[in-house]
Structure formats: C-alpha cells, structure tokens
Amino acid sequence: KPWTSAERYRPYADYSADYATALTTAVDTSAYKNTYHIQPKTGLLNDPNGFSFFNGKYHLFYQVFPYGPVHGIKSWALMTSPDLIHWTDEGLKLFPDTIFDSHGAYSGSALPLSEKELFLFYTGNTRGENNSRDAYQNGAIYTQTGDIHKFDAPLLRTPEGYTDHFRDPMIFDTHGHKFAIIGAQTCEEKGTVVLAQATNDSLTAWDYKGQLQFAQEEMGYMIECPNLVFIDKKPVLLFCPQGLDKSIADYDNVFPNMYVIADDFDVESATLTQAGKLHNLDDGFEVYATQAFNAPDGRVLASSWLGLPDLDVPSQADGWQGMLSLVKELTLKNGQLYQYPVVETISLRHEKQNITLSEVATTIDSNSYELEIELRQDEENELYLFANDDNSSHVSLKIDVKNGKIELNRANLPVSWSENYGVTRSTQFTPGKAKLNIFADTSSLEIFVNDGEKVMSSRIFTVPENTYLFAKNSLPATIWQLKK
Ligand code: FRU
C-alpha cells in the first residue's frame, strides 16, 4: 500500500527492532537479490553519491531509505573498495539529523581535501508547513577514521530566480579552482545547471557564477544530478533533464540520463564551448543519476542507479528496490563517448566455457554471468536470455549487424511491470560488427556493444528457474560465471 507523506518522513528511531529484522529477512531471502552488484541491505537505493578516491580506497556513497522500498527520508550509505570490485559495506554515514537536512540528506559529491579529510557537498531537503520545500547546499567532512562533521550552516542558499528544486551539487577541480554545478529549476520552471566557485581552500565559502551554458534549447522543467568530468581534457556534462521535449533529443524512459561533449570550459562566461548534441547515456530501460568523477589514476569512473524516479519495482514485495550499475570507465574514441566496465571487472570471471547457443536450450547454474558474442558483416540473429526451458518466456535481443541495430524486448517475462513506457528499447551502432559483452545478474542486465560504443542497462524480473539461453541461429559464445 502506498506510504503517506507522514510515513515517509517518520524518524528512523521510530522503527522497532522487530520491524528492522523482518525487513532484513525479507531482503535476504529475496529471489531478486543480485550477486555481484551493489544493492541496499534493506529499503530503497537511488543515486550514487560522493564517488571518490580517498584514504587509499574508492568511496562510493548512495542515497538510501533503509526502512522500506519507497522514497522515504534519505541518508547516504557508504561502500569502500580497494579495486572497484571488492566492496565493504561501511553502513549509513550521513543522516538527515539537522535543521538544514531534516527531511533528507539528498544527493551530492565528494572531493578529498587531504589524506585525512574528504569534503562532502550535498543537498539538505527540508519540509515546512503545508509540505513546502526548502533546499540547502550543505557541507560535511568525512574523516579518515570514518566520522562525519557537518558544517553549522549551509554553504549555499538558493539564489533569487530559482524554485526550491535546487539540488545535487557536484564538485570538480579545474583551471586551478574548485567549482560545483547544481541542478535547478528557474522561477519560469525551466531546467538549468547553476555554477558556483569556491572562494577558499577549505571549501567553506562559495560564490554563484550564473548558469552553465551548454545548450541553445530549453532543458525541460528541471535538471537533476549534473556532473562535469574531463576526458582527454574535453568537458563532458552528464545530467538528467526532466520534461525535455523529445524533438530536442529523443528518449523512451520517463526521464533520460543525457550527456554532451564540449570543447572547453570557459570559466569567465560559465560556458561549455562548442557543446555538441545531446545524447542518451544509456539505451536500456533503467539508468539514471549517473555520477562520474576524474579519478587520481587518470581514469574517469562512473556509477549509475539502475532505476528511475517514480517507478514501482517488483522487488518492493521483498522490501527493497534499486541497485547500482557496474563501475564503468568513460573514454572518448573519435569524439564519441564510450562506457565499459572497469578492467578490474575481469577478475570476477571464473569457469569459462565456450558454447554454441541455438534453438536447443543451454542450461546454466544461475543468471550471474558474462556472455560474450561476436557477429559480423550482415549477420542477423536473436538471442534469448533469462529464458524458461521451452523458451516461451525470456528477454530477447534482436541483432542486425548490417544495419547496426539492436532491439531489446522484455515483453515475454513472467513478471510484468513498468509497461507504460513500452516493452522494447533499441540502439544503433557502427554496422559491420557486433561484439556484445552482456553482464547478467539475478535481476539486472547490462549490455555493452562494441567495447562500449553503446550501452543498454535494465532491470529484469523473472522466476528463479528461468536460467536458460537460446539463439535463433547457431551462435558461438563465451560465458563466464562471475564471482559473488
Ligand atoms: C534524483 C534525485 C535527486 C535528489 C535525490 C533524492 O534521483 O531526485 O535530485 O537529490 O534523488 O533522493
């Protein structure tokens, strides 16, 4: 049953130990639990936050409401890892416990200040009378010893001209200065990105620098989760426009996660110069709020929420929803953005098998594998995953190499959900060759086409026995089981 607003904002302390134990049991025994992805221990996970390298480890926080599979009052949970593969759950770190974040420690980012201090920049969501919203951009220090020290007062308040949809500060370091971009809605209800600059080294003082210029067209009514990274010195802006007119850039999901590649970042005019066209970051069913950062080893690393706002997900019946994608490296090849799981992901592989997929069922132990196939020239084929033994239920992937087209169809699954936005997604790739690296986990599917030229990421809900694979025409493939 839907949660009321009062229930969503109920303090954590009001939940009994019995309630928490029952929820944990439900999630632990959920047949939809993934085996090698980050997902919430209980409740709802949404945006990745504060993705950074600090104190010798990668830090990846995420938005969580731990007491139910709904958008309740959010905290930041933390995962750390030496290698982006083995993650340690450090628990909840940033709580909604001050007057400037009383109704949610919303999304934000991180930047190490020293070996001892990681600066966190986040939105404090507060609600006043009649459910009116006030947003504050707050700062906190996460220490080497795992403690949080919040600053007493917000670092930025919403300037004139914007509504209270003003959030998700993303901090970055360029041209010798520290900047932040914030997702915003103007009083005319237009989506935009606002730029701010730190005026001291401790990042406690900030000035607004106006709106970031990156497109001529209107960006819908709100932009969430903007981030700016530099790949081969080129600025790449990732963002989530809401209400974007489809004549500007077409998309199928309720809200897209998009990007533009520019030539340079002109600080004075707050402009991404020569910004290119808008593109969908991912052509699958569920990707949102991707957070990327320039890591100290020179790579640009990204993590996405495999979910979307306002979506009912079958795993809610088991007390959880939402998961993070694999960690992807972003690169540019011939001016195009590529995304591919970080090279460390190979270490998950074990038990390699060379198989031939066909109309005869291939049986596998579980839906936790990487499958690699390669089609050439004018081959056409259809691949069926998450199938039952007679292939009457499955996810299908139609591949047309000549025309460089892939269609993913999830109409034929035993669990139906989220059909309002259609049951197919398609993508175009450079014709002539289709090498697919397909990462299946129990309730997720991430498909990388031609080493990351295109990506399709989706949630898949089926029954546990649907672990068969088929292909329309005989298709050689390599499959690896992936370690938990
Ligand atoms: C995006 C978002 C952000 C906000 C957060 C709250 O999914 O709506 O704009 O900060 O989620 O959890």
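Which residues does Trp 305 touch, not counting residues up to four places away in sequence? They are Asn 46, Asp 47, Pro 48, Tyr 288, Ala 289, Gly 322 and Leu 324. The model described here is predicted. The chain holds 2 helices and 36 strands, and its domain assignment gives domain 1 (5-341) and domain 2 (348-482).

**The chain as a whole**

- A compact globule of 484 residues would have a radius of gyration near 23 Å, and the chain, with 22 Å, agrees with that.
- Taken along the principal axes, the C-alpha atoms of the chain fill a box of roughly 65 × 55 × 45 Å.
- Of the 484 residues in the chain, 47% are buried.
- Contacts between residues at least 6 apart in sequence include 58% that join residues at least 24 apart.

**The two domains**

- The bounds are 5-341 for domain 1 and 348-482 for domain 2.
- The centres of domain 1 and domain 2, taken over C-alpha atoms, are separated by 29 Å.
- Contact between the domains involves 32 residues of domain 1 and 30 residues of domain 2.
- On the side of domain 1 that touches domain 2, strand β24 (residues 336-341) gives the most, with 5 residues.
- That side of domain 1 has 16 nonpolar, 10 polar and 6 charged residues.

**The shell around the ligand**

- The ligand is surrounded by 14 residues, and the closest are Gln 63, Tyr 106, Ser 107, Glu 224 and Ala 289.
- Two or more residues of this shell come from each of β1 (43-54), β5 (105-112), β10 (162-174), β14 (222-231) and β20 (288-294).
- Sorted by class, the shell has 5 nonpolar, 4 polar and 5 charged residues.
- Ala 289, one of the closest residues to the ligand, is also among the residues that Trp 305 touches.

**A sheet of five strands**

- Five strands form an open sheet in the order β4-β3-β2-β1-β22, and their pairing is mixed.
- β4 and β22 (320-321) stand at the edges with a single partner strand each, so one side of each has no neighbour in the sheet.
- Strands β3 (residues 75-81) and β4 (residues 88-94) run antiparallel and are joined by 5 bridges.
- Across this pair, Trp 76 stands opposite Leu 94 in β4, and Ala 77 stands opposite Leu 92 in β4.
- β3 and β4 form a hairpin with 6 residues between them.
- In the turn of this hairpin, Leu 84 has a positive phi of about 70°.

**Residues with a positive phi**

- Most residues other than glycine have a negative phi.
- Cys 225 has a positive phi, near 50°, and its place is in strand β14.
- Cys 225 counts as buried because it has 25 C-beta neighbours inside 10 Å.
- Lys 233 also has a positive phi, near 70°, and lies in the loop between β14 and β15 (234-242).
- Lys 233 counts as exposed because it has 10 C-beta neighbours inside 10 Å.

**Trp 305 and Gly 307**

- Trp 305 is found in strand β21, whereas Gly 307 is in the loop between β21 (300-305) and β22.
- Trp 305 is buried, with 27 other C-beta atoms within 10 Å.
- Gly 307 is buried with 20 other C-beta atoms within 10 Å, and a residue needs 20 or more to count as buried.
- Trp 305 and Ser 325 are 20 residues apart in sequence, and their C-alpha atoms are 6.3 Å apart in space.
- Gly 307 and Ser 458 are 151 residues apart along the chain, while 8.1 Å separate their C-alpha atoms.
- Leaving out residues up to four places away in sequence, Gly 307 touches Asn 46, Glu 286, Tyr 288, Gln 321 and Gly 322.
- Asn 46, Tyr 288 and Gly 322 are among the residues touched by both Trp 305 and Gly 307.

Notes
Residues are numbered from 1 along each chain as its sequence is written. This is a predicted model: local features need pLDDT of at least 70, side-chain atom pairs count only at pLDDT 80 or more; totals for chains, interfaces and linings use all residues. A residue is near a molecule or strand if its C-beta atom, placed from the backbone, lies within 6 Å of it. Helices (H or I, at least four residues) and strands (E, at least two) are DSSP runs, numbered from the N terminus. Ala, Val, Leu, Ile, Met, Phe, Trp, Tyr, Cys and Pro count as nonpolar, Asp, Glu, Lys and Arg as charged, and the others, Gly among them, as polar. Domain bounds come from an automatic or database domain assignment. Two residues are in contact if their C-beta atoms, placed from the backbone, lie within 7 Å. Two strands pair if DSSP finds at least two bridges between them. A residue is buried if 20 or more other C-beta atoms lie within 10 Å of its own, exposed if 12 or fewer, and partly exposed in between; C-beta atoms are placed from the backbone. The radius of gyration is taken over C-alpha atoms; the globule rule is 2.2 Å times the number of residues to the power 0.38.
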